[in-house]
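Please open the model in a viewer and keep the selection panel at hand.

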Amino acid sequence: MQLSTAHHDERLTAPRSWWGIAVMTGLAGALMLLPLGTLPLLAGLVGGTALAGLMVSSYGSARVRVVNGALAAGEARIPVSALGEPEILDAEEARAWRTHKADTRAFMLMRSYVPTAVRIEVTDPADPTPYVYVSTREPQALVSALRAARAA
């Protein structure tokens with residue numbers, strides 16, 4: 001039996017400005033250690049930049065995929081058979097679903113630096129999750145992949 005390949009694969013990377021903030025964090029670490037000498041200054045620069053860069057990288061490494069009949073969003077794997085019709089959310093509607101329309105029981109892979117999203121109702125009666133909210137830069141491609149996976 002042959003498994004289907006990924007129909008959609010997207011990495012939600014952090015914006016470039018966050019990497020600049022990571023470098024400035026390293027500079028701040030270096031300046032704090034300046035009175036102790038050159039070697040601590042360099043250690044603060046390298047250590048602070050590396051630590052802040054690691055944090056930015058880990059937060060910005062979320063992936064959204066549709067593969068083998070399932071939506072893989074971050075750590076969650078949800079079969080498309082348990083999902084309803086996907087809804088594309090523009091920037092304003094996505095912000096509303098992140099704030100005042102949000103349900104605390106929902107699964108949300110949310111990145112504030114990605115303005116658009118897709119909301120998909122969970123149709124599995126055994127699952128208490130009402131819907132899945134997924135930030136995506138390519139909402140139309142994600143919806144097309146979900147529909148193709150459901151049709152397959």
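This is a predicted model: local features need pLDDT of at least 70, side-chain atom pairs count only at pLDDT 80 or more; totals for chains, interfaces and linings use all residues.

Does R119 count as buried or exposed? R119 lies within strand β7, which covers residues 117-122. With a relative accessibility of 10%, R119 counts as buried, because the limit for that class is under 20%. Display its surroundings next: apart from residues up to four places away in sequence, R119 touches E85, P86, E87, L89, W97, Y131 and V132.

Neighbours within four places in sequence aside, its contacts are A82, L83, G84, E85, P130 and Y131. For a view across the model, select R11 together with E121: their C-alpha atoms are separated by 22 Å, and the two residues are 110 residues apart along the chain.

Now move to L83. Beyond its neighbours within four places in sequence, L83 is in contact with L71, I78, I120, E121, V122, T123, V132, L146 and R150. L83 is also one of the residues with the most contacts inside the largest nonpolar core, along with L71, V134, L142 and L146. This core has 23 residues. At least two of its residues come from each of β2 (62-67), β3 (70-73), β4 (76-79), β7, β8 (131-135) and α4 (139-151). The largest share, five residues, is supplied by α4. A second, separate core has seven residues, among them L89, A94, A117 and Y133. As a general background, nonpolar side chains in soluble globular proteins tend to be buried together.

Switch to a cartoon view for the sheet. Four strands form an open sheet in the order β1-β2-β3-β4, with antiparallel pairing. β1 (8-12) and β4 stand at the edges; each has a single partner strand, so one side of each lacks a neighbour in the sheet. On average, neighbouring strands of this sheet are turned by 10° against each other, direction ignored. Select β2 and β3: these antiparallel strands are joined by four bridges. Within β3, A73 stands opposite V64.

Finish at N68, in the loop between β2 and β3. Most residues other than glycine have a negative phi. N68 is not a glycine, yet its phi is positive, at about 50°. With 39% relative accessibility, N68 counts as partly exposed.

How values were computed: Residues are numbered from 1 along each chain as its sequence is written. Side-chain values use heavy atoms; hydrogens and water are left out. Buried means under 20% relative accessible area, exposed over 50%, partly exposed in between (1.4 Å probe, protein chains only). Contact means heavy atoms within 4.5 Å. A nonpolar core is a set of buried Ala, Val, Leu, Ile, Met, Phe, Trp, Tyr and Cys residues joined through side-chain atoms within 4.5 Å. Two strands pair if DSSP finds at least two bridges between them. Axes are lines fitted to C-alpha atoms, for helices over the stretch in contact, and angles run from 0 to 180 degrees between N-to-C directions.
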